[in-house]
Amino acid sequence: MCGIVGIVSDSAVNQQLYDALTVLQHRGQDAAGIVTEDAGRFYLRKSNGLVRDVFRTNHMQRLTGNIGIGHVRYPTAGSSSTAESQPFYVNSPYGIVLAHNGNLTNSSELNKALYQSDLRHVNTTSDSEVLLNVFAHELQLQGKLQPGADDIFAAVAAVHRRCRGGYAAIAMISGYGMVAFRDPFGIRPLVIGERTSDNGRTEYMIASESVALDVLGYKLMRDVHPGEAVYIDPQGQLHTRQCADHPQLSPCMFEFVYFARPDSIIDGISVYKARLRMGDALADKITRDWPDHDIDVVIPIPDTSRTSALQLANRLGVHYREGFMKNRYIGRTFIMPGQKQRQKSVRQKLNAIGLEFKGKNVLLVDDSIVRGTTCNEIIEMARDAGAKKVYFASAAPEVRYPNVYGIDMPAAHELIAHGRDNEEIRQMIGADKLIYQELEDLRQAVQSHKADVRAFDCSVFNGQYVTGDIDGDYLAALEALRNDASQGERRSTDDETPMVDLHNDN
């Protein structure tokens, strides 16, 4: 999962991009990058690390210009070396930089075609560079010295015909403005906002989540529609067009469960309210299936599950307590490389408040259970703190299948729920009782009557991949790529990329 942002402003965008990336930091902690354009030159800074560590004063001073894009990343494909961090750049045609969130499911096929047919060289294993080169090739085929909106939209339409998977992308074309587009299923989120500058000019911002717009004072206009392209020309005029033949909105359910910030609105759905309703649904299941429960206290696993856990406790009429204190200076264990590192980080990340556990029957609530490693550690921590019984509830159903659209979920055999029933999972994590949300309850919780969403990608729960191109062979290849051993071989801690001046004359 990654976070992307693009801004076309009436003043310098370097600080705005930096601020937006800090707000989107939860979407990726592996690397960060910003590219700006000024007088026909691209200025790039990217490196491994958090936003606050990648950008220093001297870097910010050189990121000049009133238009730019930014990216925060954790690796879903390729390695975590700085060479794979984004945005990516190609010099032909015109000079294009691109930031991408998602995953192309036919990346390998596209990579071969780029070399054999398009005569283009891809320098990394990142599917984002593949996406950039596909877009660049299709734009070049338009054959225009000075491309217009029609040419850019035609190129995006060709991208949709060639590329499969979940993707949201923002690109700058040197001298010709900014373009953003979303896959035909709208799996990955993308929103657009506007504000008026001191000079009365309309400024535009495109980002993965609406919270980034809020923080920078932009008004949310709407989500970019599935298959749609948004183009802001050099005069600052906004153009939009549907570029997919059969768009069908099916956003990723896991955005609402885990990844998105609760203060974001995705496809017209408040993430916060969706998580409240998840708590209601989970409480109703407990009341229905376990009416004589002996839960003394509900305690969330910080941070994502807090909203659901609080609502669950209120609905059950049980005390809600903050039983774990979180060290905010350690990364999210879900996206950490290697099982041992994830296990080690749990006790560095959380510390139990003993008085909230001692002698009590505790219901721990988490947003989901993926590998089960952290659940086991946290349940042991609760017992060590004196809990009499430890129950565990997940605000999401069993995660049984890998995600193929941009979340670096582990291989199927590493998912604790894959091929196991509730009792087997309960024994493995060491809980006295285990409660999962029902999938239909989750759908209804996320669904809002105010939104146009009628379907979701729930593939991690039910194995039904909305793009229709995922089979056993694909999942087997993905498993070989994603298992922890191969990730350890792929990942490196090389280098830092210096400030780069990408000059392109028009």
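Contact here means heavy atoms within 4.5 Å. Two notes before we start. This is a predicted model: local features need pLDDT of at least 70, side-chain atom pairs count only at pLDDT 80 or more, and totals for chains, interfaces and linings use all residues. Residues are numbered from 1 along each chain as its sequence is written, and side-chain values use heavy atoms, with hydrogens and water left out.

**Stop 1: a core**

Select valine 446. Not counting residues up to four places away in sequence, valine 446 touches Met253, Phe256, Ile269, Ala274, Arg277, Met278 and Phe456.

With Val446, they have the most contacts inside the largest nonpolar core, which has 39 residues. Such a core is a set of buried Ala, Val, Leu, Ile, Met, Phe, Trp, Tyr and Cys residues joined through side-chain atoms within 4.5 Å. Buried means under 20% relative accessible area, with a 1.4 Å probe and protein chains only. Helix α8 (253-259) is among the elements giving two or more residues to this core. The largest share, 6 residues, comes from α8. Helices are DSSP runs of H or I, at least four residues; strands are runs of E, at least two; both are numbered from the N terminus.

**Stop 2: a strand**

Select β4, residues 67-73. Of its 7 residues, 7 are buried. Strand β1 (residues 2-8) pairs with β4 in the antiparallel sense, over 7 bridges. Pairing requires at least two DSSP bridges. Find valine 5: its bridge partner in β4 is glycine 70. Strand β2 (residues 31-38) also runs antiparallel to β4, joined by 7 bridges.

**Stop 3: a helix**

Finish at α5, where 13 of 14 residues are buried.

Note on methods:
Buried means under 20% relative accessible area, exposed over 50%, partly exposed in between (1.4 Å probe, protein chains only).
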